[in-house]
Protein chains: 2
Amino acid sequence: MDDGLLTTRDMAFLVHDWLDAASLPPRGGEALSRESVDSVLELAEQGARDWFLPHYREADRHEPTLDEAGVHVLPAVREALRRYAEVGLFSAGFPPELGGMALPYLVQSALFAQFAAANIATAGYAMLTIANARLIATFGSAAQVDAYARPQIEGRWLGTMCLSEPQAGSSLGDIRTRAEPEGEDDLGARYRLVGNKMWISGGDHDITENIVHLVLAKVPGVDGALPEGSKGISLFIVPKVLPDGRRNDVAVAGLNHKMGYRGTANCLLNFGERGGAIGWRVGELGQGLPQMFQMMNEARIGVGLGAAMLAYRGFRLSVRYARERRQGRLPGVRGGAPVLLVKHPDVRRMLLEQKAYAEGAVALCLYCARLVDEESAESRSLLALLTPVAKTWPSEFGLAASDTAIQVHGGYGYTRDFDVEQLYRDNRLNPIHEGTTGIQALDLLGRKVLRDQGSGLAIAGARIASVRDRAAAVPALAAHAVALDAAWAQTLATIAVLERTPGACAFDNATPFLRAFGHLVVAWLWLDQALVAVRDPADPFCAGKLRACRYFFECELPKIAVWLAFVASCSDVAAAADPETF
Amino acid sequence: MDDGLLTTRDMAFLVHDWLDAASLPPRGGEALSRESVDSVLELAEQGARDWFLPHYREADRHEPTLDEAGVHVLPAVREALRRYAEVGLFSAGFPPELGGMALPYLVQSALFAQFAAANIATAGYAMLTIANARLIATFGSAAQVDAYARPQIEGRWLGTMCLSEPQAGSSLGDIRTRAEPEGEDDLGARYRLVGNKMWISGGDHDITENIVHLVLAKVPGVDGALPEGSKGISLFIVPKVLPDGRRNDVAVAGLNHKMGYRGTANCLLNFGERGGAIGWRVGELGQGLPQMFQMMNEARIGVGLGAAMLAYRGFRLSVRYARERRQGRLPGVRGGAPVLLVKHPDVRRMLLEQKAYAEGAVALCLYCARLVDEESAESRSLLALLTPVAKTWPSEFGLAASDTAIQVHGGYGYTRDFDVEQLYRDNRLNPIHEGTTGIQALDLLGRKVLRDQGSGLAIAGARIASVRDRAAAVPALAAHAVALDAAWAQTLATIAVLERTPGACAFDNATPFLRAFGHLVVAWLWLDQALVAVRDPADPFCAGKLRACRYFFECELPKIAVWLAFVASCSDVAAAADPETF
């Protein structure tokens, strides 16, 4: 039965046929064979199905609770993460010297995709822990790595990222958490931290005996004042339990009760209510934000991939439902038995839209994961350009696919008896966390397109041209090649207008630009996949990929023209709106 | 403080300045003065604020429960409906001989809008009861009206609509509830009903001592078989408590647990588990569906208006939040204090989008409500055309506005501490109930555009031309007049293509057609409102309406071209998709 995970065939298509994972340069140790990649992915699929999926709904219904002893989560969450650790999945991406398999990021992402599809809230604990350990492994001292990265890599402890504060969400430069120096010890420069951190996923729980918080805070200057802006931010390791076994001065001030992602304990943490939480600085003073952002890029691809997989699972469940449920007759037909939902043209439209969005989003994120592995100047430039897209496009259009999944299920889809209801609520978080859509749009247009001398843009252009040229030679895809070319030309023309636009006005309509650019990128990658699928068009799987590609080019790509025309008009309709008139 | 109800100014603009409610012909008794309309609307605003709004969140958190005695709802729901009855709001739309004020449907809708904004789930009980009583008052015998309409009009009993069954949702022709004749009594032809009814809002509760179910069922033919299709459906009054005080044979088989609308008890009802529920037929045999559809048109405007008001309240709450919350700096600015959210261009864009969607949707529904009051052949034709739009457009784009309301609130909006979270969950129902978007699209394109000799379309064309001509004479609006004209021309050209398309293929892309047509209608009505607002452009309120109109013409209307081009291409990309390829 289709339970909504990435199908084996689809996984093989993406990871091997399209992205050729086995050709990636070895990261440490030996190169991976296709067989070894597959055995890892098979393990992930089974683990996701057997350990993560069964408590998907239960963890939503029984949210974490808080009492004097701290936060308690569903035992099934602990058990699932224990299994995850047991088979070495926390360590999979780390080098052998840290106990790992040095899996390429593409393969790590593909395996994470299955756990995200099965249970995004439980997978969240693992994702944060791995990101945390990777940060310490990259920037921490050997002692810090041994003390705080290794236990996470082994899955014995879990980790968090403490960035936001109640008054500082998107605007990290405004954080007020204070770190006062307090000498030095084996673990490095030691500090006492005082402040409040908001939206901390995994901020407290009874899953592991210790929790490693990575905390952004500011060290006061000689005048005792905190430095202004983001340059004064440093990064600190603040464990829940100190090396001597005492509890650190970190208190759970409350749990956030969210619409979805309910299985992940999300906390408001107070640091230093009783004098100051002990923390050790990671890396140099004032480097907190750049360090965090190195991790954030991968975290953003992870958010996009999570959104994509929620959409993917909703799509698969919709297909299953539409193949089982009978309702109504085809237009113009009277009498006879009701037909399967999947026979209705409008239901097919809804399924195809979901397929184009969900599979397009998964492809985008895995493509970006592969760029991480390519480790060249070119891939880094392109990845920088595509990261805001990989974060946002799956979050926005994956949510649209989750919405359509409910619609296919009709009234039933709106009840908590069907997983599509929860998938939709879960997916609503993704356009918000790790940088909202509006923030990503400013990053894309401001940093990546109008600055950086457009280096990422030139690389994207070259890759788009290559896909275009190859597609132009295939009769079934030639029209798409023309359309892609036109969309790219309009994108460049719009950017040229923005380059001539004075001052901040260029950014006024950054979000519609991001939306258009995202559609362009997804069209390019759909066409790139079609070039693989077109080798065997009689195969139903390949025919499906080709049809989703065609759908995207017929129904979605044309929207770019409207968005870009608006952006190129440099309209001030929104920016100049007087708040008093709302 | 702005609590998100329709502002007094906006209400006056819509009901008086734009739709001129006081000019409507009297429905019974004397004509309404502007003052008497206003006093009713003021009462509604206060009642919505004082009785409905306070338990909005509480009713979501404490869903109805079921035990052996039946369904129990929050006491605050009962109390709110008691107040609603006390001031005569159940009866407001009924003629004086039934104890009412014979309020025009426009005014009824405007007052309902406030209760829907404050608490859609509690308002649902009233909406269904009024629709039920109106059906009995229209088609029932005098004895039925006295016994079952009057207690609802007085608000002493509540009513339901029992249409769907577990296997028959959109496809009512497939219902299997059976009504066996059992003679006749004072209340008319009596039957014994056996069957299961699904999704029954207000299906059971402890709010009133009796509940009047209006049930669609089929009377078997001489061979004992149920007639096929929808023509064999009749309508029955099936009270929970019989006239002699005994309980009727109606059992609650379960409660549906929905994503939103949780305050409304939504039941699976079993009729006739113990021999057959007693019911009396309303009107003629086999007329159940036409009777129900007479009511359904108003119910569909009601659903659209509910969706619009959920969006409206989310918009108002977003404006309030954006005026209070400080976050970040404007692009290009470093240092200094964080600025109000409302200063950010992208936040203004999100607010303006919400305003254009939410206020556009409210206007659409009130415009349709006024058509009900016009009671001419012209208004009936136009209303038939616009009803699927009034149901769908607010449901789809109102939901999009509710989504944006969360985005404006950032992470906070995703928590259950802010009403925007619940507004979004509540609003997700609206594209489903009372006919899904796909069903509405077939109704619009099949029945209203390609059949009926396009009579509604010609009337719409004439009204659009009138607005266009008046706008063309106003310099500030002349460009919009040109754009509206072009959109209308493209719509007609697309319809001409579909008229030439053979067979069922014309309906394959009915949903994109509905989307385009909805945008066209809303653009027309925005421009019509702008013609009022442009009289006083220096007034901030009018300036806001003009800006929302401009936003709609710049950012939304151009989308029509993409949708219509796709429809006109008669693409089979979705309809011909082989289910095996999904």
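How many Å separate the centres of domain 1 of chain A and domain 2 of chain A, taken over C-alpha atoms? The separation is 24 Å. This is a predicted model, in which local features need pLDDT of at least 70 and side-chain atom pairs count only at pLDDT 80 or more, while totals for chains, interfaces and linings use all residues. Residues are numbered from 1 along each chain as its sequence is written, and chains are lettered from A in the order in which they are written.

**Domains of chain A**
- Chain A is assigned domain 1 (8-286), domain 2 (287-435) and domain 3 (453-582), with bounds that come from an automatic or database domain assignment.

**Where domain 1 meets domain 2**
- Here 37 residues of domain 1 of chain A are in contact with 31 residues of domain 2 of chain A (in contact: C-beta atoms, placed from the backbone, within 7 Å).
- On the domain 1 side, two or more residues each come from α3 (56-61), α5 (105-118), α6 (120-139) and β7 (233-239) of chain A (helices are DSSP runs of H or I, at least four residues, and strands of E, at least two, numbered from the N terminus).
- α5(A) gives the most to this side, eight residues.
- By class, this side has 25 nonpolar, seven polar and five charged residues (Ala, Val, Leu, Ile, Met, Phe, Trp, Tyr, Cys and Pro count as nonpolar, Asp, Glu, Lys and Arg as charged, and the others, Gly among them, as polar).

**Where chain A meets chain B**
- The contact takes 77 residues from chain A and 77 residues from chain B.
- Among the elements of chain A that each supply at least two residues to its side are α8 (288-324), α9 (345-374) and α16 (540-556).
- The largest share of the chain A side, eight residues, belongs to α16(A).
- That side of chain A divides into 34 nonpolar, 24 polar and 19 charged residues.

Definitions and conventions: Contact = placed C-beta atoms within 7 Å.
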